[in-house]
Amino acid sequence: MTSNLLPLLKQYFGFVSFRPLQEEIIRDALAGKDVFALLPTGGGKSLCFQLPAMARRGLTVVVSPLIALMKDQVDALQASGVPATFLNSSLAAGESRKRLRGLHQGEYRLLYAAPERLMLSGFLEDLQRWNVNLLAVDEAHCISEWGHDFRPEYRQLAALRELFPAVPMMALTATATDRVRKDIVALLKLRDPSCYVASFNRPNLTYRVFGKSKAYQQVLDFLRARPKESGIIYCQARKTTESIAARLNEAGVKARPYHAGLTPTERSQHQDLFLRDEVRVICATIAFGMGINKPNVRFVVHYDLPKNVEGYYQETGRAGRDGLPSECVLLFSPGDMVKQTAFIDEKPDPREQKIAREQLQQMGRYAESSSCRRRELLAYFGEPFEPETCGGCDNCLSPRQTFDGTLVAQKFLSCVYRIREKARFGVGLNHVVEVLTGADTEKIRRWGHERLSTYGIGSEHTRPEWGAIGRELVRLGHLRQTPEKFSVLELTPGGMAALKHRQQVTLTRPVAVPELKTRRAGEIACDEALFDRLRQLRKQLADERDVPAYIVFSDVALRQMARDYPANEREFSRISGVGEKKLREFGAVFLAAIAAYLHGNPRQIFADDSFTAPAPPLSH
C-alpha cells in the first residue's frame, strides 16, 4: 500500500516520504478503521485525511471549527490540484448552490464544513447520497469540556455514527491531555480506534516568560530586535489587538488585528496579508491560528496570560513549523490571573467555572515556575522528559536566583493555619496577604483577624511579593488552592509538616522584567499644558477622519512635540511616528499650534536624558 501512496504523496503534496505516524494513520483509515490521532502543530495532521481522499473514489468530509481554517486548507489543496471545497456562512447563496451542484455530481474529493452546517437535517440527507468514505473531525478537542476550546456544537457529531455506521471516523487534534483523549473517543463513539500519539516536544522552540511591565514597549523592543521576522502576538481582548496593531504600524512595524468581531472579509484579508508576508505581525485573539499553515512564523508572543496550558501549547506551536529555531514569549503579570478569574465568574454553569479555574491555576503555576519549561509542558501531557536541562527555555538558559525562604514560608503557612484555627473556614490568597501586611479592611475587622498573632508580621515584603510567595508555596505542594468561585488556601500534609518541623524551604525570585530600551509615553517629561492642547487638536483631526486618535499621532509623538517644540518641517520630521504622509497631512497644522502656544507661553527646558527617541521605522 505504501508504494501506491508515495506517488500520490509526491504528485499532490510534493513530498517523497512521510512524517512520523502519518503512514500508519493513513493505512488504518484506508483499511476502514476508526483512528484517534494526536500530532503536535506542524506534525502533518491534515495529510492524514487528505491523502486517503485521493487514494480512492468517494467523498472525505472534514469537520472544521473555523471559516479561516477551511479557506486556508481548501486554497492550498486546490493549488495542489486536489478537488476540494468548503461550505460555510461566508459564501453567497449563489456560490453555495454552485458548490452543492458540484457535490451532487461527484466533482469533489474533500468537503470542509462546520459542525452546525453538517448537522442540519437537509444537509445530512445530502451527505447520505454523496458516497462518503471517511469522516474526519479536526480539532477534536473541541468536543470535550476539559479541552481548551470547548464547543457545544461538537457534541452533536455523535449522531454521525448512527447515520454512517459503515464509514470510518478519524479524530485529530494537536493538544489533548489523557482525560480529553478519553472524552474524544467516548463522545464521538469511535469503535476500537487505533490511537496514535506523537511526541509533544518541539525541540526548535525556545520558551521564555518575562515579568509584564510596560507591555507594549516590551513587545516593540522585541520586534525591533527582529526586523525581518514574522510572528503572532496573542491578546485576550479584541480591543487590545486593534490598539497594538495600530501602534505597531505607527512605529513602522506592519501589523494587522485578527478577532471574531471583524467581518469575515476583514479576517480573510488580514490572514492573507500575513500568509503572503505582506504583513509581518498579526495581533490576534485565540480566534486566529487553528490550522494556519504558515511555516516561517519565527515568534509567538503572549501579551496576556492564556486561559489554560493546552491553549498556550497549541498557540506556541504555530511558531517554527518549518523546524527552524523560533521563539515563544509569555508576558506574565499576576494581575492577568485576576482578570481571567473575573471572566470565569461570568460563566453561567458552575461546573464550567470550576474546570476553567483549575485550568487557569495550572497556567499560572507554569508561568511562575522555576523548573524547565519544556519538562513542565510535556509532563502536563503525560510525556516524560529525561535530560536534566533542555537548553531551550529561560529557566534552563538563565536559572533564576533562589533564596532561603524558610522564615517567610513559616510566616505564610502559619498565617493560613491561624486564620483557619480562629474562623473555622479558609480564605483566599489575597486575604492571607492582607493579614500578613497588616491591612485594615472590612473583612479583617469583621472576622477579628487583626487580633491574630500573624497580623502585620510580614511588613518586610510588599503585597505583590507575598502573593508570589504564596503561589510558589502552592506550586511546591505546601498549600492547596481550591477551584471554587471563592477559592481558598488550605495547608497540605506536606505544608503542615514543614510548619511543625521548621523544614528548610528554598524559594525562587519572581520572573524578571527585562530592562526596557525606551521610556513609556507617560514618563516622557514634557510641557503638560502644550501636550493637552496638542491632544485636543489630535482628537479634532481624528474625529474629522472617523478614526481613533492614535491613528493621527501617538502620545509618544505628542509628548516629544511638547518637549522639543519643533519650529519647521525638518525638525517636525524627527518626531517619533512622523513619516512622509503624516508630515504632508499634519505637519503644518501641528507646527502652527505649537507656534501659537509659544506666542503666549515660555519654553520649558528638560534634562537631556528625559526622552530616548524610538528606533527608526523598520524596513520591509
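Predicted model: local features only at pLDDT ≥ 70, side-chain atom pairs only at ≥ 80, totals over all residues.

Reply: Residues are numbered from 1 along each chain as its sequence is written, and side-chain values use heavy atoms, with hydrogens and water left out.

Me: How many salt bridges does the structure hold?
Reply: A salt bridge here is a side-chain nitrogen of Lys or Arg within 4 Å of a carboxyl oxygen of Asp or Glu. By that criterion, the number of salt bridges in the structure is 29.

Me: Which residue forms a salt bridge with Glu-368?
Reply: The closest N and O atoms of this pair, Glu-368 and Arg-475, are 3.8 Å apart. The pair links distant parts of the chain, 107 residues apart, with Glu-368 in helix α15 (residues 350-368) and Arg-475 in helix α21 (residues 463-475); helices (H or I, at least four residues) and strands (E, at least two) are DSSP runs, numbered from the N terminus. The partner of Glu-368 is therefore Arg-475.

Me: Is Glu-368 buried or exposed?
Reply: Buried means under 20% relative accessible area, exposed over 50%, and partly exposed in between (1.4 Å probe, protein chains only). Arg-475 has 25% relative accessibility and so counts as partly exposed. Glu-368 has 8% relative accessibility, so this residue counts as buried.

Me: What is the N to O distance in the salt bridge between Arg-373 and Asp-394?
Reply: Arg-373 lies in helix α16 (residues 373-380) and Asp-394 in helix α17 (residues 394-397), so their pairing ties together parts that are 21 residues apart in sequence. Arg-373 counts as buried because its relative accessibility is 1%, and Asp-394 counts as buried because its own is 11%. The N to O distance between these side chains is 2.7 Å.

Me: In which helix do Glu-421 and Arg-418 both lie?
Reply: The side chains of Glu-421 and Arg-418 meet in a salt bridge with an N to O distance of 3.0 Å. Glu-421 counts as partly exposed at 37% relative accessibility, and Arg-418 is partly exposed with a relative accessible area of 30%. The two residues are 3 residues apart, about one turn of the helix, and both lie in helix α18 (residues 406-423).

Me: Why is strand β6 largely enclosed by the rest of the structure?
Reply: On one side of β6, Met-169, Ala-171 and Thr-173 are buried, and on the other Met-170 and Leu-172 are buried, so that both faces are covered. Strand β1 (residues 35-38) pairs with β6 in the parallel sense over 4 bridges, where two strands pair if DSSP finds at least two bridges between them. Strand β6 (residues 169-173) is largely enclosed because the buried residues number 5 of the 5.

Me: Which residue in β13 is the bridge partner of His-302?
Reply: Strand β12 (residues 297-302) and β13 run parallel and are joined by 4 bridges. Strand β13 (residues 326-332) is itself largely enclosed by the rest of the structure, because 7 of its 7 residues are buried. In β13, the bridge partner of His-302 is Leu-330.

Me: Which strand pairs with β13 over 7 bridges?
Reply: Within this pairing, which is in the parallel sense, Arg-208 stands opposite Val-329 in β13. The strand that pairs with β13 over 7 bridges covers residues 205-211 and is β8.
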